[in-house]
Amino acid sequence: MAIERINFLRLPIDVVAPEDLESTILELLTREGPQHIMLVNLWDVLRAKYRSEYRAMLMSAALVIPTSLSLVRGAVFLKKTKPVRYQPFVFIISVLGVLEKYRKNLYLLGARPHSLIQAEKNVRSTFPGLPVVGRFSGYYHRGMEHNILTAIHKAHPSLVLVGDGIPGSQRWVHRNRKSLHSGLFIHDPDVLDIFSERKRRVSEKTFERGLEYFPQILKNPSRIFRIFQYLWYNILLLFYRLFRNAS
């Protein structure tokens, strides 16, 4: 598997070139236990710096894929290998393409019932050779979780694609890892709503420029105050460059 894991602010980030993605996915499918593929942005990394559960989740993940331009620039600033940045939906599409090619299967978890049904329909249409072996909508009663985990375990899908409405969001996979089968697990809060066409994915130009956060600010202006977290991130980078980059 042609990947490199770099130590970034004492957290892992994986460098996976697009041409190596297929072999990487196939290798992960041969491993025992749930293989958590995390798509992380700048805010995820900062969260992991100060929250032990999130840090443990990153440290134990099978793959940590950066989605923020700030992370790529930060790695370069610290003289690390430059990571390959992926747009979450494009990355997931690539993974689904690999699974279809090798006749694997898929389980969909999350979103509202009507969105999930439409998402499944569109996934089947886009990837006709990729069987969807089960689905369950999000926003469920916590008492249902045992039955959901049992259903996923029995279906034993190659990939569980986790969308919005799941308790703990990204942490759901990590918290339930002892009850999960061997296979891939990817969480993205927007993926099922994008498949159902209820949400638009960020345009390629916006993503390439690192401006994908601005539409979120327009929807929720209070997020503008994350500028202070961004400033702290730059201070951290400078500190690690001057004092701790060699460790």
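**One spot, then outward**

Author: Let's start at Ser158, which touches Leu29, Leu99, Lys104, Asn105, Gly183 and Leu184, leaving out residues up to four places away in sequence. Touching, or contact, means heavy atoms within 4.5 Å. Before going on, keep in mind that this is a predicted model: local features need pLDDT of at least 70, side-chain atom pairs count only at pLDDT 80 or more, and totals for chains, interfaces and linings use all residues. Numbering runs from 1 along each chain as its sequence is written, and side-chain values use heavy atoms, with hydrogens and water left out.

So where does Ser158 sit? You'll find Ser158 in the loop between α7 (145–155) and β7 (159–162). Those labels follow DSSP runs, numbered from the N terminus: helices are H or I with at least four residues, strands are E with at least two. Ser158 has 13% relative accessibility, so it counts as buried. The cut-offs go like this: buried is under 20% relative accessible area, exposed is over 50%, and partly exposed is in between (1.4 Å probe, protein chains only).

Next, the nonpolar cores. A core here is a set of buried Ala, Val, Leu, Ile, Met, Phe, Trp, Tyr and Cys residues joined through side-chain atoms within 4.5 Å. The largest one has 34 residues, and Ile37, Phe91, Leu96, Leu106 and Ile186 touch the most other members. Helix α5 (residues 88–101) supplies the largest share of this core, seven residues. Zoom in on Phe91 and you'll see contacts with Leu21, Ile37, Leu39, Ile65, Tyr86 and Ile186, again skipping residues up to four places away in sequence. There's also a second, separate core of 26 residues, with Leu9, Ile13, Tyr54 and Leu237 among them.

Charged pairs come next. A salt bridge is a side-chain nitrogen of Lys or Arg within 4 Å of a carboxyl oxygen of Asp or Glu, and the count by this rule is ten. One of them joins Glu120 and Arg135, 2.2 Å from N to O. Glu120 is in helix α6 (residues 113–126) and Arg135 is in strand β6 (residues 132–136), so this pair ties together parts 15 residues apart in sequence. Glu120 is buried at 10% relative accessibility, while Arg135 is partly exposed at 40%. Asp190 and Lys199 also meet in a salt bridge, at 2.7 Å from N to O.

Last stop: the surface. Phe77, Leu238, Phe239, Leu242 and Phe243 make a nonpolar surface patch of about 520 Å². Patch residues have over 30% relative accessible area and no salt bridge; nonpolar side chains (Val, Leu, Ile, Met, Phe, Trp, Tyr) are joined within 5 Å, and like charges within 9 Å. The areas come from the Shrake-Rupley method with a 1.4 Å probe. Helix α12 gives the most to the patch, four residues. Phe243 lies in α12 and counts as exposed at 63% relative accessibility. Phe239 is in α12 too, which spans residues 227–244, but Phe239 is partly exposed at 35%. Phe239 and Ala75 are 164 residues apart in sequence, yet their C-alpha atoms are 13 Å apart in space.
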